[in-house]
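Work through the following exercises with the sequence and the model open side by side. Each task is followed by a solution that goes step by step.

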Amino acid sequence: MSDDGREQTGHERVPSRQRRRFPGISSRAYEHPADRSALVALRKLSGFDTVFKALSGLLPERSLRLLFLSDSVRVSERQFKHLHDMLLDACYILDLEKVPPMYVNQDPQPNAMCIGLDEPIIVVTTGLVELLDEEEMRAVVGHEVGHALSGHAVYRTILLFLTTLALKVAWIPLGNFAIMALVAALREWFRKSELSADRAGLLVGQDPKASMRGLMKIAGGNHLHEMNVDAFLEQAEEYEAGGDLRDSVLKILNVLPRSHPFATIRAAELKKWAESRDYQRIMDGHYPRRSEDKDTSVSDSFRESAASYADDVKTSKDPLMKLVTDLAGGTAGLGGRVRRGFDGFKSPPPSHEGPKDTPPSDEE
């Protein structure tokens with residue numbers, strides 16, 4: 001028994017420094033609004049995941065489990081003990097009762113994932129283990145435990161199954177268009193779920209600088225002495241604000257096939273959340289509980305998601321998003337701005353002639 005009378009379960013591994021714990025925390029506390037609205041809706045569909053779990057024989061999950069068991073190293077007290085301690089600590093902090101199995105897979109590419117229908121399993125590559133220091137790795141383990149707590153492993157597998165099933169009927173008229181729309185929507189949700197898990201990683205590690213360093217290393221490799229977190233974050237700001245409408249279109253095309261947001265964008269989003277009142281309230285012990293999940297409203301969650309997207313558009317420095325904001329606000333002179341938008345939203349060169357009694361320009 002511990003000093004507070006609690007039975008020792010194995011979760012009470014003492015981390016390298018004291019961290020706050022969040023008993024009964026709901027994943028809604030850290031989920032991105034767009035991710036949360038989708039999950040709330042799926043959880044309200046009674047029996048939805050149960051049906052597809054029954055169809056798990058159609059999925060390669062069993063094969064993957066056997067593959068990792070036979071050709072990877074399972075994290076335990078005797079193997080990769082430091083990762084095992086991090087895993088127990090992450091589950092203890094986020095109050096995840098069942099500790100997911102975790103494997104280390106030989107792969108020089110830094111990567112980690114949480115998959116599975118019946119129960120989630122976490123896989124990290126040797127490339128990632130060798131790249132990150134202890135505090136950075138702790139955030140990654142927390143990231144994957146956040147996926148498990150949110151149920152991302154289940155719902156990702158289900159939706160991937162639906163996508164695969166839909167591809168088989170792509171011969172139906174307009175089928176390809178419908179499939180492309182489904183895949184695009186699925187990837188957009190994937191990207192938002194990654195932002196959610198980044199927040200979970202921060203709640204576990206409780207070291208924003210370590211979380212930022214980890215993302216920077218994933219982008220630039222193990223050359224920490226050659227990199228700077230502040231400069232890395234400035235890249236995200238330059239990426240968002242720079243260029244013209246052509247660059248805005250290219251950004252969309254670049255991100256569409258990706259399941260993860262770009263590393264600089266993830267770092268900027270996480271920094272913004274770490275400085276928010278929402279994060280501070282969680283750290284102060286004020287957060288939604290799992291016991292309240294059944295009472296969540298789908299419509300309220302969708303409204304929060306819509307408000308989040310609207311706020312992103314409103315506050316964005318991207319030229320295309322600025323144009324969308326102006327269109328919504330009915331700004332005058334948009335015709336001229338659109339014409340110039342593909343040249344950086346630049347004003348026409350100043351005239352060298354004397355002042356004239358002319359009507360206002362499109363810029364006014």
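**Exercise 1.** Is Trp-189 buried or exposed, and what is its relative accessible area?

*Solution.* The model is a predicted one, in which local features need pLDDT of at least 70 and side-chain atom pairs count only at pLDDT 80 or more, while totals for chains, interfaces and linings use all residues. Residues are numbered from 1 along each chain as its sequence is written, and side-chain values use heavy atoms, with hydrogens and water left out. Buried means under 20% relative accessible area, exposed over 50%, and partly exposed in between (1.4 Å probe, protein chains only). Trp-189 has a relative accessible area of 8%, and therefore counts as buried.

**Exercise 2.** Classify the aromatic pair of Phe-68 and Tyr-103, and say where its two members lie.

*Solution.* Begin with the rule: rings of Phe, Tyr and Trp (its six-membered ring) pair if their centres lie within 6.5 Å, and planes under 30 degrees apart count as stacked, over 60 as edge-to-face and the rest as tilted. By this rule there are five aromatic pairs. In one of them, Phe-68 and Tyr-103 are 6.2 Å apart from centre to centre with 25 degrees between the planes, and the pair is stacked. Finally, Phe-68 is buried at 6% relative accessibility, and Tyr-103 is buried at 7%.

**Exercise 3.** Describe how helices H4 and H6 pack.

*Solution.* Two packed helices are described by the angle between their axes and the distance between the axes. Here H4 (residues 81-93) and H6 (residues 134-150) pack at about 50 degrees, with their axes 9 Å apart; axes are lines fitted to C-alpha atoms, for helices over the stretch in contact, and angles run from 0 to 180 degrees between N-to-C directions. H4 is therefore oblique to H6, since angles under 35 degrees count as roughly parallel, over 145 as roughly antiparallel, 65 to 115 as roughly perpendicular and the rest as oblique.

**Exercise 4.** Which backbone angle sets Phe-80 apart as a residue that is not a glycine?

*Solution.* Phe-80 has a positive phi of about 50 degrees. Phe-80 sits in the loop between strand S1 (73-74) and H4, and at 30% relative accessibility Phe-80 counts as partly exposed.

Terms used. Helices (H or I, at least four residues) and strands (E, at least two) are DSSP runs, numbered from the N terminus.
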